[in-house]
Amino acid sequence: MGILLQHKINTLCSHQKDLQQVFKPLFYRIYNPNERQDFSLLLDTPGLRITDCVLDQVKELMKINHPDLKLGSEEQREAALQHIKPYTEQEYGVWVYYPWSNRLVHIVDEKEFIDLRTSRNQYKITVEERELLAQKKIGVIGLSVGQSVAVTLAMERIATELRLADFDVLELTNLNRIRTGIHNLGLLKVYAVAREIAEIDPFLTVKCFSEGLSENNMDIFFMEGGKLDLLVEESDGFDIKILSRYKAKELRIPVIMEASDRCTVDVERFDKEPDRSILHGMVDHLDINILKTLKTTEDKIPYLLDMVGLETSSTKLKASMLEIDQTITTWPQLSSSVTMGGGIMADIGRRILLNTYTESGRYHVDIEELIGNKEKNNKAPNTTTTIEKSLSAKEMEDVAVLWISTHETANAKKISRKELLPLIEAAVQAPSGGNMQPWKWFYSQGNLFLFHDIEKSAALLDYNNQASYISLGAAAENMVLKAHQEKMEIKISLFPELKHPRLIAVFQFFDQHILPANIIVESHENDSLIQQVQHRFTNRTISERKVIDPSKLQALQRVARSIEGANMIVMDSPAQLEELGDIIAKVERIRIMNERGHNDFVHEIRWTASEAQKEKDGIDLRTVDLTASEKAGFLVSKDWKVIQHLKQWHGGTAFEKLSKKTIAAASAIGFITMPKHEHSSFFNGGRAVQRVWLAANEINISFQPQSPATFLFARASYDHGSDLNASEKKELMELKKRFQTLMGIDSGIGEIFLFRLCVADEPKIKSLRRDIQDVLFFHE
């Protein structure tokens with residue numbers, strides 16, 4: 001290689017460090033004697049590949065310059081030779097050398113090259129429009145979708161200068177959507193794209209920002225060499241998405257962005273609307289300082305949802321988000337979507353620069369919606385269960401009249417509504433599955449009837465009403481404690497023999513000093529717990545694990561055993577908690593991914609504060625200790641179609657993470673059992689649960705139910721219906737076997753309630769209760 005040529009290449013490389021960073025070609029016009037000398041030396045380069053079709057290009061030029069003339073091939077050749085005079089065929093035009101591929105290509109020079117290369121654009125893009133676009137400068141940040149955009153902009157010659165910013169290198173995983181060859185692996189994306197553009201049109205100016213865009217170089221990117229006329233923003237960095245828009249807004253530069261999911265396009269005309277909120281106001285609430293700290297894809301998901309819009313994202317994208325860091329490392333993109341997005345963005349960019357499109361907005365070009373089956377399956381999930389209606393006041397009255405007619409009630413104390421209200425207010429503070437409060441109360445002639453409001457408990461977890469009976473037992477315990485505080489004795493007739501499945505218990509009250517003979521009333525052993533009834537809470541806070549004094553755990557066990565037959569097993573070793581965490585987590589995954597269980601999940605959560613205040617039941621989402629990413633997962637999981645995708649992919653392990661984290665933070669796990677698996681065992685077991693819960697809160701130990709596991713074990717064991725499929729039953733029975741082995745229990749006992757004990761700050765938000773008038777019916 002000659003000294004002059006070597007000096008020229010060395011100079012090029014000194015500006016761009018080494019050959020890996022070379023992206024600009026060299027030009028040789030060999031009619032110039034100095035360049036001819038360099039060119040002759042270049043021809044000696046080993047392995048040089050030469051392409052010389054310049055005369056064919058000139059012949060094509062003759063055709064487009066004289067479309068009305070029908071020249072034969074020989075006439076075209078003669079016209080071409082005349083055109084290149086006084087140069088020889090070799091001297092005409094320019095030789096372009098691409099150092100990175102060692103290729104030498106002979107082409108017509110810039111003006112004729114542009115005329116020839118854009119000739120097929122004519123009238124789609126007029127010559128006048130082409131000349132206007134030739135004055136424009138476009139910046140492209142992010143070169144995945146941005147690669148397709150940048151190359152399409154270059155192909156249509158929509159600008160004279162492109163500024164490309166991306167710090168990342170090409171990896172094999174990029175090649176599902178970035179059009180390049182495997183020989184470019186390890187090459188910085190900016191150089192790969194710049195080279196591709198140079199090989200399409202070597203006369204375009206391309207400036208590379210190989211360190212990506214940052215606050216340090218943003219002014220240079222936007223302003224050096226002239227202000228940008230358009231910004232194409234496709235960055236993965238959320239802080240750069242925001243900061244670049246603020247800069248564009250400051251400089252009144254329009255911004256366009258395409259998210260390949262459903263081809264979501266954002267257009268922000270800061271040139272015409274300088275006061276416009278960035279990203280249509282969807283991110284006004286985001287803290288830029290937090291965005292700078294986001295490292296993992298999982299961390300970024302909740303902010304991504306704010307930007308792309310949860311409700312308008314495809315179900316496959318939402319389902320994929322739940323698999324990030326589980327079975328995939330980042331959100332998926334397809335070449336078809338990226339390529340289409342590149343074309344759409346180039347079209348929009350051209351019309352913005354030509355001032356034929358002047359509006360801002362968000363748009364979707366969803367091919368699956370535009371070109372798809374005309375008949376769509378919008379069938380709602382089948383929960384397989386017919387929900388029974390609540391008993392009316394008249395129906396409860398009929399049951400009460402029948403009971404009173406067949407039982408001795410004369411000795412019971414008649415109490416007024418005013419006296420009854422504090423008792424009911426205490427009772428309804430009891431916990432219930434999903435906080436659905438499955439109770440109704442009817443008072444008549446000294447008898448208080450507790451009915452099961454089955455409409456509030458038609459859940460997958462409530463097999464044979466077992467979860468409801470636990471809640472009703474807890475409510476009864478509160479009733480007893482409050483009655484004792486009000487100086488009344490109380491008798492409970494449990495599951496009266498009226499063959500009416502909704503009547504759970506009848507309460508009769510007596511003055512403490514006028515107690516009839518032969519009346520068996522409730523013990524006063526735990527009366528001090530009444531002080532905790534109004535303060536009892538579920539604590540879902542996840543904090544650092546703290547060990548609880550064994551004597552306190554033993555005291556809680558004694559409280560549980562104060563209910564005849566009840567027992568409380570305690571697990572508190574790290575190994576036990578790890579095994580329990582895995583079992584509970586897998587059950588939770590099965591529940592969420594079961595059609596009926598998913599329906600329960602969606603309907604028991606109160607997704608907004610206003611919904612919680614309005615309904616006064618369910619689980620307020622704010623009471624669940626969630627990271628921003630976990631909350632995003634909850635919101636995404638609402639869509640049953642998302643779950644269907646996960647089932648098809650054999651995914652869903654993300655649903656296990658929160659349960660595992662919750663159990664890992666537990667000081668101990670408690671498990672209350674009864675000797676028999678029968679209705680009364682679950683009711684009385686519920687009373688034991690409430691006593692332990694109140695006693696735990698009394699000594700500043702927090703309590704959180706974990707019983708979906710045991711409830712689903714019961715359904716898998718005894719239910720022969722279709723709520724669980726064969727695969728779900730099989731996995732649940734395997735998990736139940738592991739659970740029973742760990743707990744050291746046999747089948748057939750009453751597996752009442754599983755719960756987490758921990759030491760944590762009291763939650764600021766607590767579950768609400770429905771108004772008393774909605775659950776109490778008083779018959780004078």
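Reader: Hi! Before anything else, what do "buried" and "exposed" mean here?
Author: Happy to start there: a residue with under 20% relative accessible area is buried, one with over 50% is exposed, and anything in between is partly exposed. Keep in mind that this is a predicted model.

Reader: Thanks! Then is Leu172 buried or exposed, and why?
Author: Leu172 counts as exposed because its relative accessibility is 57%. You will find Leu172 in the loop between strand E6 (161–165) and helix H8 (189–200).

Reader: Which residues make a nonpolar surface patch with Leu172?
Author: Ile182 and Leu185 do; together with Leu172 they form a patch of about 310 Å².

Reader: You mentioned E6. Which sheet has E6 in its order?
Author: An open sheet of 7 strands, in the order E7-E6-E5-E8-E9-E10-E11, with mixed pairing. Strand E7 (205–209) and strand E11 (361–364) are at the edges, each with a single partner strand, so one side of each has no neighbour in the sheet. On average, neighbouring strands here are turned by 15° against each other, ignoring direction.

Reader: How do E8 and E9 run, parallel or antiparallel?
Author: Parallel: strand E8 (residues 230–233) and strand E9 (residues 255–259) are joined by 2 bridges. Val232 has Ile256 in E9 as its bridge partner.

Reader: And which strands does helix H14 touch?
Author: Helix H14 (residues 335–353) packs on the sheet and touches E5, E8, E9 and E10, with its direction at about 165° to that of E9. Helix H10 (residues 238–251) lies across strand E5 (137–141), E8, E9 and strand E10 (264–268), and runs at about 170° to E8.

Reader: Let's zoom in on Val255. Where is it, and is it buried or exposed?
Author: Val255 belongs to strand E9. Val255 has a relative accessible area of 0%, so it is buried.

Reader: What is Val255 in contact with?
Author: Setting aside neighbours within four places in sequence, Val255 is in contact with Leu231, Glu233, Arg245, Ala248, Asp266, Val267, Glu268 and Phe270. As for Ser244, it is 11 residues from Val255 in sequence, and the two are 9.2 Å apart in space, C-alpha to C-alpha.

Reader: New topic: what is the strand order in the sheet of 4 strands?
Author: That open sheet runs E1-E3-E4-E2, and its pairing is mixed. At its edges are strand E1 (26–28) and strand E2 (49–52), each pairing on one side only. From one strand to the next, the twist averages 20°.

Reader: How many bridges join E3 to E4?
Author: There are 5 bridges between strand E3 (residues 94–98) and strand E4 (residues 103–107), and the two run antiparallel. Val96 is opposite Val105 in E4.

Reader: Which helix packs on the sheet there, touching E1, E3 and E4?
Author: Helix H2 (residues 33–42), whose direction makes about 115° with that of E1.

Reader: Over to strand E22: which residues are on its covered face?
Author: Leu776 and Phe778 are on the covered face of strand E22 (residues 776–779), while Phe777 and His779 are on the uncovered one. E22 runs parallel to strand E12 (residues 439–444), and 4 bridges join them. Opposite Leu776 in E22 stands Trp441.

Reader: Last one: how many residues of helix H28 are buried?
Author: Helix H28 (residues 708–718) is mostly covered, with 8 of its 11 residues buried. Among them are Phe711, Leu712, Phe713 and Arg715. The buried residues of H28 pack against several elements, including helix H18 (466–485), strand E19 (668–674) and strand E21 (750–758).

Conventions:
Residues are numbered from 1 along each chain as its sequence is written. This is a predicted model: local features need pLDDT of at least 70, side-chain atom pairs count only at pLDDT 80 or more; totals for chains, interfaces and linings use all residues. Side-chain values use heavy atoms; hydrogens and water are left out. Patches are made of residues with over 30% relative accessible area and no salt bridge: like charges are joined within 9 Å, nonpolar side chains (Val, Leu, Ile, Met, Phe, Trp, Tyr) within 5 Å. Accessible areas come from the Shrake-Rupley method with a 1.4 Å probe; for residues, only the protein chains shown count as cover. A salt bridge is a side-chain nitrogen of Lys or Arg within 4 Å of a carboxyl oxygen of Asp or Glu. Buried means under 20% relative accessible area, exposed over 50%, partly exposed in between (1.4 Å probe, protein chains only). Two strands pair if DSSP finds at least two bridges between them. Axes are lines fitted to C-alpha atoms, for helices over the stretch in contact, and angles run from 0 to 180 degrees between N-to-C directions. Contact means heavy atoms within 4.5 Å.
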